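Biologist: Could you walk me through this one? I'm new to it.

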Amino acid sequence: MLSLIDIESSYGYVKVLKGITIEIKEGDIVAILGANGAGKTTMLRTISGLLKPSRGKIEFMGERIDGKPPEIIVSKGIVQSPEGRQIFPSLSVLENLKIGAYTRKDRNNLSKDLDMIYHYFPRLKERQNQIAGTLSGGEQQMLAIARALMAKPKLLMLDEPSLGLAPRVVKEIFEIIKEINQEGVTVLLVEQNARQALAIANYAYILQTGLVVMEGKAEDLKNNEEVKATYLGGKSPGSNVN
Amino acid sequence: MLLQQLISGFATGGLYALAALGLVLIYKTSDVVNFAQGEMAMFSTFIAYTAMTSYGMSYWEAFILALLFASALGFIVERFFIRPIQNAPVLSLLIVTLGLMMIVNGIAGWVFGFETHSFPAIVGGELKIFDAVISKSNLLTLVITVFIMGILFYMLKYTLAGIAIRATSENPTIARLMGIAVNHVYSITWVVSSILGAIAGMFIAPTTFLDVNMMSSVLLKAFTAAVLGGFTTFVGPVVGGLILGVLENIASGYISAQLSSTFAFALIVIMLWIKPTGLVGQKVGKKV
């Protein structure tokens, strides 16, 4: 569905991605793991069109999309829920969701999609007229995901959905991600919380300083000794080592 | 006397508010302080004047023509002067709009001359309400201003384009990720802002008279209105403009008309001292 071939990307003179190749199959949940500064967010920004890769190509459903602006990428069905749940804080919940559907041409179906969103996230319905900045952290994360869903993505990219959230909330959000995937949305999940990510992913890549250092089926990686030691934080379950 | 002062205060205040809204609209979406706003408005007002005096157009024909001109001017300035350097430091952008201010002023002098002209009011005549004598043009100006603000606020609040403008003003990067072509948003805000300025210019010209420097004090008042009400909200400049208009009218009526600019400056200083975010402003984090 989406392939990155030998992608190199830089901020100014600093080369962050040093030639990565990644393949995402339709219907999968693919996890991208790695510590801070590994290049995970840069990769998403490159796919989204915020950054132009300096080398390599990106193909989505057989079409080259690298170098295209974000509004084109979004309308093709690749939508990102950005890191740090960056919702629009002074807009209402409903207005945030409407912005999510900004590129949609089939505006008549919006109320149906809102129902679908509220089915996943009932709490957002209760708060639809509330100013988004007043939501709790977990609710803001839900809104960020819901906003991306309003664009009817074929590929949903989630940047660190677990960041700064209580374990109970993380669990809830990951269950919803799984449910969204079962409805037919392919998911690219960028996470530092490797344990949670590998629990729902089919396939995973591990990034380190701008390179893919390991890839494989999620189950295989979960049992890999090196991955266990570095990313799954040894013995204590639930902990998350960077 | 007081009612009279209030109405004319609200009328001029409304015009300050229009010009200030134009400033805030651009500032909030793209972080640019447009010092050329006033000169652009003056140029559009001259277009209306020339259309009336040299081409025999009626007031409203000239009015519409000036608004069309203002839209084009706003679009061109953003597209060719601001967008190429939109990632430059704030100070550079400031210098560019200051430069534009002088360029537009110079071109206007060259094209239209430096003489002062009288500019027609929308309507003539006066109304008598109780003891107060109220000019019809003040009243109509006030009505039109309120109407235009109503449309603007309705669009910002309820239309998708309006929500997109607010989203862009909060976080342009995330707005892009949602598929908003923020460059189009910038174009729209410059066009709207230029139109607001032109309306303010044409409504204020009957009192200030029309010449190339007519808008310099209006721009100062617009800044005062924006600072007084708060540069970070759309309601702020309206509140600030109305308060300024009324205070200024009362001050010039009871104290001295010569001091009205001094008065505006003093208000900016005092406001920044007491509440830097303005009356209805709120603190915002710096945009990333």
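Predicted model: local features only at pLDDT ≥ 70, side-chain atom pairs only at ≥ 80, totals over all residues.

Modeller: Residues are numbered from 1 along each chain as its sequence is written, chains are lettered from A in the order in which they are written, and side-chain values use heavy atoms, without hydrogens and water.

Biologist: OK, how many residues of chain A are in contact with chain B?

Modeller: 22 from chain A, against 17 residues of chain B; contact means heavy atoms within 4.5 Å.

Biologist: And what area is buried between them?

Modeller: About 1,900 Å², with carbon and sulfur atoms giving 67% of that. Buried area is the accessible area (1.4 Å probe) that two parts lose on being put together, summed over both.

Biologist: How many salt bridges cross the interface of chain A and chain B?

Modeller: The rule finds 2, a salt bridge being a side-chain nitrogen of Lys or Arg within 4 Å of a carboxyl oxygen of Asp or Glu. One of them joins Lys157(B) to Glu95(A), with the closest N and O atoms 3.7 Å apart.

Biologist: Switching topic, which residues make the nonpolar surface patch?

Modeller: Phe147(B), Ile151(B), Tyr154(B), Met155(B) and Tyr158(B), about 590 Å² in total. Patches take residues with over 30% relative accessible area (Shrake-Rupley method, 1.4 Å probe, only the protein chains shown counting as cover) and no salt bridge; nonpolar side chains (Val, Leu, Ile, Met, Phe, Trp, Tyr) are joined within 5 Å, like charges within 9 Å.
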